[in-house]
Amino acid sequence: MHQSQVILDKYYIMKINQIVNEESHIDPGIIAALKQKGYKPKGRGDDAIAFLEPGTGQILKIFGTGNGADVVKKNGKQQTNFNEHQKMAYYWAKYCDMHSGNKFLPKFSGIESFHWGSDVYLQIRQERLYDLEKDQKRTIESMAMMAKRKVPFKTMDEKYTNNHYDDTRASWKQIKEKIDEKDLRLFYQTMIDISNIADQKNWAYDLHGDNIMMRKDGTPVIIDPWAL
């Protein structure tokens with residue numbers, strides 16, 4: 001992890017009450033500075049805040065500081081320590097980068113740490129994504145839960161193809177019209193792999209409907225699949 005000059009100028013540094021939650025704080029000065037530079041808030045989670053970046057159309061995510069995030073000197077060199085939320089976000093971004101050929105994972109860039117005063121933050125740029133259609137979101141969320149239980153693909157497919165709910169059958173048909181079987185199997189296996197990583201890392205598998213979005217062409221994309 002290399003240090004970089006963050007987009008924020010030291011002119012804006014101010015020490016005021018921290019926000020977001022007790023374990024992951026974001027100084028309001030960071031938010032004010034980004035807004036002044038034209039960044040538009042797009043949402044906030046437990047450990048991060050997202051902005052639409054002017055000019056690029058990308059989403060800039062700032063992961064807050066907190067317990068365990070600090071800067072220490074080791075062998076005379078400055079070393080950045082991330083907190084557990086930041087480590088998880090960094091792992092996810094690197095995982096997606098390592099599997100960049102998987103169309104169901106988001107594209108990241110600019111994975112960097114920065115200091116705001118004496119606090120350590122993580123910033124990541126992500127491609128802009130959009131909300132899934134309601135029925136498809138519900139069906140894909142159910143699909144993610146079946147992946148967690150390691151239900152075989154064929155069993156999962158038959159469950160939706162022969163579902164007694166008309167809207168579920170219709171949404172599954174729409175999904176299969178957009179995604180061929182080979183890619184659909186990859187999508188499902190990706191969910192299983194993410195569940196396995198959650199088990200290995202002792203993280204919560206958090207792949208609900210709001211953590212699956214889509215590109216403009218309708219391709220579903222997994223985001224933020226774990227929680228502490």
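Helices (H or I, at least four residues) and strands (E, at least two) are DSSP runs, numbered from the N terminus. By this reading, the protein has six helices and 13 strands. The structure is a predicted model, in which local features need pLDDT of at least 70 and side-chain atom pairs count only at pLDDT 80 or more, while totals for chains, interfaces and linings use all residues. Residues are numbered from 1 along each chain as its sequence is written, and side-chain values use heavy atoms, with hydrogens and water left out.

We begin with the protein as a whole. Of its 228 residues, 46% are buried (buried means under 20% relative accessible area, exposed over 50%, and partly exposed in between, with a 1.4 Å probe and protein chains only). The accessible surface comes to about 12100 Å², and carbon and sulfur atoms hold 48% of that area; such areas come from the Shrake-Rupley method with a 1.4 Å probe, and for residues only the protein chains shown count as cover. Among contacts (heavy atoms within 4.5 Å) with a separation of 6 or more, 57% join residues 24 or more positions apart.

Helix H4 comes next. Spanning residues 153-161, H4 has Phe-153, Met-156, Asp-157 and Tyr-160 buried. Seen down the axis of H4, these buried residues fall within an arc of 100°, so they line one face of the helix; the arc is that of the directions from the helix axis to the C-beta atoms. The buried residues of H4 pack against helix H3 (134-148), helix H5 (166-178) and helix H6 (181-201). One of them, Asp-157, has a relative accessible area of 15% and touches Trp-172 and Lys-176, leaving aside residues up to four places away in sequence. In the loop between H3 and H4 sits Lys-150, which has a positive phi of about 60° although it is not a glycine. Lys-150 is partly exposed, at 35% relative accessible area.

Another part of the picture is the largest pocket, with a volume of about 910 Å³. On a 1 Å grid over the protein atoms alone, a pocket is an open set of points with protein on both sides within 12 Å along at least five of seven lines, and lining residues have an atom within 4 Å of a point. Grid points are joined across faces, edges and corners, and the volume is the space filled by probe spheres set on the points. The lining has 38 residues, and Gly-45, Lys-61, Asn-211, Ile-223 and Asp-224 lie nearest the pocket centre. Helix H2 gives the largest share of the lining, four residues.

At 30% relative accessibility, Asp-224 counts as partly exposed.

Leu-105, by contrast, is buried at 1% relative accessibility, in the loop between H2 and strand E8 (108-116). Leaving aside residues up to four places away in sequence, Leu-105 touches Trp-92, Tyr-95, Cys-96, His-99, Glu-127, Thr-190, Arg-215 and Val-221. Leu-105 and Thr-219 are 114 residues apart in sequence and 9.9 Å apart in space, C-alpha to C-alpha.

How values were computed: On a 1 Å grid over the protein atoms alone, a cavity is a set of points where a 1.4 Å probe fits but cannot get out, and a pocket is an open set with protein on both sides within 12 Å along at least five of seven lines; lining residues have an atom within 4 Å of a point.
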